[in-house]
Amino acid sequence: MEQPLLNRSVMIVLQPSSLKESLKLLNENPDAEVIANASDLWPRIRNGEVKPKKLLDISGLVNELSYVKKDGNLIKIGALVTVSQLEGESFVNEKRFSAFKDVIAKFGSPQIRNVATVGGNVCAASSSEDFIPVLLAFNAKVRLSSVDGDRYVNLEKFITGKRKINRRPNEILTEISFEDPGEGYISAFEKVGRRNILIINLVNMAVVGKIKDGKIEDVRIAANRIKGKIPERAKNTEDFLKGKTLNDDTVARAKKVLSEEISLTDDFRASANYRKALLLAMLERLLFKLGGEQ
Ligand SMILES: Cc1cc2nc3c(=O)[nH]c(=O)nc-3n(C[C@H](O)[C@H](O)[C@H](O)COP(=O)(O)OP(=O)(O)OC[C@H]3O[C@@H](n4cnc5c(N)ncnc54)[C@H](O)[C@@H]3O)c2cc1C
């Protein structure tokens, strides 16, 4: 039997040409699904996982939402910044932002990197999204804009469940921002999948921290799965590590704390035990990277 190419009936696509117009249209059509460059949403529409009747296509708003800028101590990334665009930004070459470079290096394929947006990554809100742990480890905030104005939400509070975000129906995510942690900080990210390109991660992890005189002055750890199926911070492990000397014994004890903090379940891609073993190995490597080891 022939399968329809697109598992949908009629779909209305609203294509505003400015943010102001987008917010007005979304206010009038709160049932519309916001769509950026569609690398996540379109495959889900095609396979029938979601069946929106209306789309609000914001991909044309590059003049307004496609910037990376430093404002005081804040780094601000417009929602439509693509992975390729981010790769060309000088900040990602600084050691304290290496985690972004690590994400970019293993992100999809060149074609996907040219379209995948940072805003879309965050709003997709699943364990497959690689920027989320990095942004969590940088304590990022999102700006949500609507006809009523802007509101800011910590990323940690924005992602409330698998594919569930704290977004009101008339809001568009317009910006992601985080503080530059300053000199002396290092960050790194790792992901493991079942192949070396177009990697759908089994697990990923990001670490941001500062080691001073051999001691862990600050550390923030986030992974795509800690307790559930959404990216989260490993706060018990962070608390354990703060103030400790970074050495083999500390790392071994931190792995024990993390193994108690993690609670995972099996799925068709990997068992919980395998994912846990990967996360523990990643923690060890990433902590030693903070200490300057490659
Ligand atoms: C082959 C392939 C490989 C991939 N590889 C990777 C990978 O290595 N790492 C990774 O992290 N991801 C990967 N992805 C997933 C996807 O590319 C990313 O999540 C991407 O960043 C999504 O951006 P987008 O602009 O395409 O989002 P879209 O698909 O347009 O939207 C994604 C979701 O966010 C919502 N949304 C988008 N923008 C906004 C906004 N501004 N405000 C409110 N809601 C919004 C949409 O409603 C939708 O639910 C891959 C996808 C494919 C198809």
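Biologist: Which residues does Phe-100 touch, not counting residues up to four places away in sequence?

Modeller: This is a predicted model, so read each contact as computed. A contact needs heavy atoms within 4.5 Å. With residues up to four places away in sequence left out, Phe-100 touches Leu-86, Phe-91, Val-92, Phe-131, Val-134, Leu-135, Phe-138 and Phe-178.

Biologist: How many residues has the largest nonpolar core, and which have the most contacts inside it?

Modeller: Phe-100 touches Leu-86, Phe-91, Leu-135 and Phe-178, among others. Those names come back in the core. It has 42 residues, and those with the most contacts inside it are Leu-86, Phe-91, Phe-100, Leu-135, Leu-155 and Phe-178.

Biologist: What distance separates the centres of domain 1 and domain 3?

Modeller: Domain 1 covers 12-57 and domain 3 covers 185-290. The centres are taken over C-alpha atoms. The separation is 35 Å.

Biologist: Which residues line the second largest pocket?

Modeller: The volume of this pocket is about 160 Å³. Its lining divides into 5 nonpolar, 3 polar and 3 charged residues. The names are Leu-74, Phe-138, Asn-139, Ala-140, Lys-141, Asn-154, Ser-177, Phe-178, Glu-179, Pro-181 and Arg-220.

Biologist: Which strand gives the most to the lining of the second largest pocket?

Modeller: Ser-177, Phe-178 and Glu-179 are in the lining. The strand covers residues 172-179 and gives 3 residues. That is strand 10.

Biologist: Asn-154 is in contact with which residues, leaving aside its neighbours within four places in sequence?

Modeller: Asn-154 is found in strand 7 (residues 149-154) and is one of the residues lining the pocket. Its C-alpha atom is separated by 27 Å from that of Val-192, 38 residues apart along the chain. Its contacts are Ala-140 and Lys-141.

Biologist: Is Asn-154 buried, exposed or partly exposed?

Modeller: Buried means under 20% and exposed means over 50%. Asn-154 has 41% relative accessibility, so it counts as partly exposed.

Biologist: Why does Ser-22 count as buried?

Modeller: Ser-22 is found in helix 1 (residues 19-28). It is in contact with Pro-16, Leu-56, Ile-58, Leu-61 and Ile-172, its neighbours within four places in sequence left aside. Buried means under 20% relative accessible area. Ser-22 is buried because its relative accessible area is 0%.

Biologist: Is Lys-53 buried or exposed?

Modeller: Lys-53 is found in the loop between helix 2 and strand 3 (54-57). It touches Val-10, Met-11 and Ile-12, not counting residues up to four places away in sequence. The cut-off for exposed is over 50%. At a relative accessible area of 58%, Lys-53 is therefore exposed.

Biologist: Ile-12 is in contact with which residues, leaving aside its neighbours within four places in sequence?

Modeller: Ile-12 is found in strand 1 (residues 12-14). At 44% relative accessibility, Ile-12 counts as partly exposed. Its contacts are Lys-53, Lys-54 and Leu-55.

Biologist: What is the phi of Ala-38?

Modeller: Most residues other than glycine have a negative phi. Ala-38 sits in the loop between strand 2 (33-35) and helix 2 (41-46). It is not a glycine, yet its phi is positive, at about 70°.

Biologist: And what value is the phi of Arg-163 near?

Modeller: Arg-163 is found in the loop between strand 8 (159-161) and strand 9 (164-165). It is partly exposed, with a relative accessible area of 31%. Its phi is positive in a residue other than glycine, near 60°.

Key: Residues numbered from 1 in each chain as written. Predicted model: local features only at pLDDT ≥ 70, side-chain atom pairs only at ≥ 80, totals over all residues. Heavy atoms only, no water. 1 Å grid on protein atoms, 1.4 Å probe; cavity = no way out; pocket = protein on both sides within 12 Å on 5 of 7 lines; lining within 4 Å. Points joined across faces, edges and corners; volume = space filled by probe spheres on them. Helix = DSSP H or I, 4+ residues; strand = E, 2+ residues; numbered from the N terminus. Nonpolar A, V, L, I, M, F, W, Y, C, P; charged D, E, K, R; others polar. Core = buried A, V, L, I, M, F, W, Y, C linked by side-chain atoms within 4.5 Å. Buried < 20%, exposed > 50% of the residue type's maximum accessible area, 1.4 Å probe, protein only. Domains from an automatic or database assignment.
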